[in-house]
Structures are given as C-alpha cells and as structure tokens.
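Reader: I'd like to go through this one with you and ask how you know what you say. Could you put it up?

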Amino acid sequence: MSFATGLPSSIGVLLATPALAAALLAPWSHPRSGAWINVAACAVSFLAALGLLVQRPEAGPYILVDDLNIVFVILNTFVALTTAVFSATYISHELETGRLTPANLRIYHAMYQVLLFGMTLALVSNNLGVMWVSIEVATLSTVLMVGLYRTPEAIEAAWKYFMLGSVGIALALFGTILIYMAAQPVVGEGQDGMVWTVLVTRVQEFDPALLNLAFVFLLLGYGTKVGLAPLNAWLPDAHAEGPTPISAVLSGLLLNVALYAVLRFKLLLALNPGALAPGPLLMGMGLASLLIAGAMLYRRRDIKRLFAYSSIEHMGLIAFAFGIGGPIANFAGLLHMVMHSLTKSAIFFAVGHAVQVKGTQKLSDIRGLTTSHPLLGWSLVVGVLAIAGLPPGGVFMSEFLLVTSTFATPFPLMLLAVPLVVGLLIAFGALMLKLSGIAFGAPSPGTAPVKASYGPMLLHLALVLIAGLYLPGPLVTWFQHVAKLLG
Amino acid sequence: MPQPIFPHLVFDVAHLLAGAMVLISLMMLYQGRLNALIKVFALQAVALAASVAWQAQAQHAPHLYVTAVIAIAFKGVVIPVALHRMVARLGIHRQVETALATGPTMLAGIGLVALALVVMLPVTATSDPLAREDLAFALSVVLLGLLMMVTRRNAVSQIIGFMSLENGLILAAAGARGMPLVVEISVAFSVLIAFIVIGVFLFRIRERFDTVDVDALDRFRGGRA
C-alpha cells in the first residue's frame, strides 16, 4: 500500500477487487446486471495489473511481484476480462433457453470472481502455503462451475475433476511440506521456510535428496492441474460439460497458473547443485502429453472435448519447452503460453457461439459454418489454423523456435525433435480433418444469427495474428529477460 | 535433577500415535459395511487429534491445539454423524462394493506402507527424529488413502478415502517443526470437504440417480469416444 501518496496500491486493488466483487455478486439476484458487474470488476483488475508495471510493491513475506509473474498476471486478467464480456452475452442466451436459472448465475458470477481471486493470489504469493491454499480455492470454484448445468454428464465431470483435483492438490501439499522440511535446518523454524525470496537465496545448502522427493510430489500434484499426461483424465470432461466461458478460462488461465507453480519449483531445484535436473521430467511428461493428446484428437465426437485435448497437447508443448530450458526454448515456452491462452480462448468463444446456434456439441451436427455464419465460421477457421501452428499465427513462431532450439541441443537430446515434430504433425492432421467438417460443406440445421458479441473473439484473433507478424521490441526484450531468469 | 523414567517418552508417544493412524488406515481397507467404515474413520480422526495435540505439547506450539480441536470436532464427530445420516437416508448401509478383493487390497496396502518407509527414511536421515518418523507414517496414511479411493466404487467411501488421505497430510504438517499456516491449511481442507462433498455433490447425485455408486455415473458418459 502506498501510504505516501494516499492512493490505493495496484496490488491492493488487484486482490481486493475480485474478493469484493464475489461478495457483492453472491447475493445479486439480477443476472444481467450481475454479468456487467462481473465485467467491470475484471476491467478494474486488468487496469490494476497494468499498474503493477509502473508501481511494483516491495517483496513482503506474503506478496511478491517480479518480472516472471507479472507476465502471468497481466495475461490472466486480460483473458479474464475478455471472457467476462463474452460470458455476459453468452449467459443471456442460456437464460432465454432455460438451461440456467438466475440462482445458478449467482453462483456462477460469484465463483468467477473467486476463481480470479484465487489465481491472482497464487501468482503473486511469495509464500508456498499461500500459493497452495489459493490454487485450492481456484480449483474449488471451478468445480462448482463445471457442475453448473446439473446434467448427469456435468455432475460426472465435476465429480471426476473434484476427485483428481483433490488428489493432485493433496500431493502438492505433501511436496510443500517436504520443501519446508528441507529448508528448516538451513533457514530455521517458522515463516521463513516457506518464503520464495528466502528459499531462493539459501537453496544451495538444502538437502538435495529431500528436495528431489519434494519436486516429484509437486510435479505430480500441480502437474495434475496442468493436465499433463498421464494425469489428464479430468480435463476433457471438465471442459466439455461446463459452461463455455469456463472452458475458455480453464484452458487459457488455470492451466497456466498451475504451470507457473511447477516453474517456480523448477527454478528452486535448478539452483541446488546436488538436486536432480528437473528438465528431463518435464520434457518426458510434456512429450507424452503431446503424443497422447495428438492421437486422441482423431476420435473426438464432441467439439469442446476436441479442443480440450488440444489444450493438453499445447500444455505438453509448453512443459517440454521449459524442460529443455535455455534462453531460446524458455522464450518459446513463454511465447507459446501467451499465444495458446489467447488463441484457445478465442476458439472456445467461437465454439460457444456455434454450439448455441446449432443447439448441440456433437461434431457431426455442426457442419458448414462458413456458409451459414460466415464471420463465425471463418473466425473459427483462422483460430484453428493458428492453434494448429500455421503461419502467420503467433503459435507458429513459438513452435518454430521450439523445434529449432531442440535441434540445437547436444546430440542425444536433439533426437527428441523427431517425436516433437511427429506429435505436432499428428495434431495438425487431426485438427484439419475436423475443421473441414465443421467449417465447410452443406450447413447443418440451426441457421439463426448469433446474438452474442463477436468482439472478444475477434480481438484475440487479431492479437494472435499481429504477434505472429510483429512482436513489439519492448515485449521481446521483456520475454528474453524472463527466459534468462528461468535458466 | 533426577533422570526421567522414560527418557524417550516424547518420541515414543508420537511414534505410537502416528503408528496407530497407519494401523487404522489398514483397518479401513477391509471394512465391508459403510457404517463400520465411518466409525473406523472417526477413530482415525481421534488418533490424529491426539497425535497433533502431542506434537503441540512437544514442540510448545499452542496453535497446533486448534488443529487438534478441528480434527476431533469436525472429522471425529460432525462428519461421521452427517455421513451416518446420509447413508441411512440413501439406504446404502449394507455393503460396500470394492473393485478389488480384500486380500489383494491388504497386500497392496502393506506394500505401500513398506514403500513409504523405504522412500522416506533414507531421505530424511539428517532430520529431527520426531519429524522423520512422523513423515514416514504420514506418507503411508496418504498412500493408503489413495489406495482406498482407487479400490472403492462408492462415492461415500471415496470421500472417506480422501479424508483419510488428508489426515495423513495434517499429520505431516504438524510433524514439521515450526511449519507456518498448519491451522489455515487444516481449515482450508475442512472447508473443502464440508462445502463440496457433503453440501453439493451427494445431494445432486442422489437427486439424479438415487444412488451414490460412482459406477452409475459411468453409464452417462456422453460423447466419450
């Protein structure tokens, strides 16, 4: 808090806004105005996140804002804002068709803000315990949202998500306790043993064996939340059965937050000379996710499940990039993460519109979109081409960087470029196959115009295309700097 | 000053209580009936509370008493009573279906305890012995809880498996000397359990299927392939 100026600090606003908005929205009985309060709260959060660039708080025992997490915070609040705009129009359609009641929407909007609060706190926390609790809060809020439609499928998805998510979160806690145990003989009892900034300076003296064991638990625990294979079973169901804005937020944001947690611990391990190298573990899980999810894409019959598997594939790619490490691969990983968030949420916005006009999520019943809804259809085409890694989308650039940096590694490691390229091609083929059916041919029934706003979708796609053609210099410098920090 | 009669009393009692938790976890594995399972779970909560309270006394950490009280009041009394009522209302108190027979489950359980000891003891050789043994037992309880979640098909017993897993985590957190936020974490877990599991899910699942057998959910897998 900047007491000197009397103005509220960015970080205070960033954390207080979603908490207050959640408290306001929980009893708010008018869903339409509630949706716009949701948007307004997200806008304030986004502005506060931008404010962090100018006015960065000092690292305290609980809060830490550094060059790494600022990227995540800005990306998160931005996508949360655009998704809230999309959600506002999407939700009014769901109200008209009676799929959701005003009571459902009270939960929905309150939980949206709780999710935002949990994610932001997880990103800016300087304390392992606080980070753990806030990721748990974020998970809980999404479980409630995934089960919102109360259909048998939605309940099954929420149950599965809850069970696997809880096990993941429990393993992560055990890992956190082990990190504390490793830190305790060196930094002493109490608070300090869980503070990042303290741990990072003293980690060389920790017992490497205990650190290794802790990292395995943390990777399994938070890796479940990232959706890395073989812990990805909850992800497609949760994406397919919840409201579409939640699919966009899950894919675009929550997975990144969990990945951020893994990255922090990777950094910690990398600083201890005796500890195992965390890279190969991340690379293994990343490649497995890429190949498994790529192969699974072919047999999908549900449009949201299709793109959920594509998210697993891309999280795998990002984990692989950070696993390789080095300035270029880390840069590729960061860029890919940002591009994936923007592109995938744009795709989910388009899918949300398509599902509402066609009244189904079945791929076989969504055909010929470019004929019946040209703007929507072509936007989806652009989005899918971008996520499949075709130029000039931003994803192409990051995938290209990733493949070249894999080739540039020393001999046995460079062979990994082969499965990497194979995985990319498998996924590419599957997406093209599905896309041709969705976009072209004779349109399936359901040709009513889309009432919801295309704004968020077009904005995201424009950003992705621009990033593919031209990345602003300061952004590149910032990413290079962060990539170096990541080691 | 006279020599104490039991020089290792602090350690021995902690060992006994944590060991009791592992034993109770193994007992849970072979409980056939839901009501019996709930009672055994309540017993574990009591053992957890005693264990945490002992740690509070041994470490001179009064805040841990709060965790102990939460354990005994919430998991020892409130949750079991609520689960008993729910099981009675749902009429599923007779039999627990397991995916695996009792024999193999018990063998797997013993294997997991051995694994926990083999993994934890060498790694923590330099740690405080009190924390060290606690951590090995805690990992056993965590793994046994996971095993229970995997082998049971019934939603109530899966929840009990999860809560028992969580007992193991609280034991580990209490054993780590001076660890901050233990109370907050145990509160967060209680909220997790109370809110989601009891409040929302079971009632919705019951509403839709008239059963809390997770197998029933599998029939509704739309668009899976």
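Reader: What is the make-up of residues 125-417 of chain A in helix and strand, and how far apart are the end C-alpha atoms?

Author: Keep in mind that this is a predicted model. Over residues 125-417 of chain A you get 78% helix and 0% strand, with the end C-alpha atoms 36 Å apart. The stretch comes from a UniProt record, an unreviewed entry, which lists it as "domain: NADH:quinone oxidoreductase/Mrp antiporter transmembrane".

Reader: How do you know what span to expect for helix α19 of chain A?

Author: The expected span is 1.5 Å times one less than the number of residues. Helix α19(A), residues 455-469, has 15 residues, and its C-alpha atoms reach 21 Å from first to last, close to the 21 Å expected.

Reader: Which residues of α19(A) are called buried, and what makes them so?

Author: A residue counts as buried if 20 or more other C-beta atoms lie within 10 Å of its own. In α19(A), P456(A), M457(A), H460(A), L461(A), V464(A) and A467(A) are buried. They sit on the same side of the helix, because their arc around the axis is only 130°.

Reader: What covers the buried residues of α19(A)?

Author: The cover includes α3 (67-96), α13 (326-358), α15 (374-388) and α16 (394-407) of chain A.

Reader: How many residues does each chain bring to the contact between A and B?

Author: Chain A brings 36 residues and chain B brings 38, where contact means C-beta atoms within 7 Å. On the chain A side, α5 (128-146), α6 (152-187) and α8 (208-226) each supply at least two residues. Helix α6(A) gives the most, with 16. By type, the chain A side splits into 20 nonpolar, 5 polar and 11 charged residues.

Reader: What is the helix content of residues 104-123 of chain B?

Author: That span is 100% helix and 0% strand, and its end C-alpha atoms are 29 Å apart. UniProt, again in an unreviewed entry, includes it under "transmembrane region".

Reader: How confident is the predictor in chain A?

Author: Mean pLDDT is 89, and 98% of the residues in chain A reach 70 or more. Over residues 1-6 of chain A, though, pLDDT is below 50. Where pLDDT is low, the predicted coordinates should not be read in detail.

Notes
Residues are numbered from 1 along each chain as its sequence is written. Chains are lettered from A and ligands numbered from 1 in the order in which they are written. This is a predicted model: local features need pLDDT of at least 70, side-chain atom pairs count only at pLDDT 80 or more; totals for chains, interfaces and linings use all residues. Helices (H or I, at least four residues) and strands (E, at least two) are DSSP runs, numbered from the N terminus. A residue is buried if 20 or more other C-beta atoms lie within 10 Å of its own, exposed if 12 or fewer, and partly exposed in between; C-beta atoms are placed from the backbone. The arc is that of the directions from the helix axis to the C-beta atoms. Two residues are in contact if their C-beta atoms, placed from the backbone, lie within 7 Å. Ala, Val, Leu, Ile, Met, Phe, Trp, Tyr, Cys and Pro count as nonpolar, Asp, Glu, Lys and Arg as charged, and the others, Gly among them, as polar. UniProt positions are given in the numbering used here, feature names are shortened, and annotations may be inferred rather than shown by experiment. pLDDT is the predictor's confidence in each residue, from 0 to 100.
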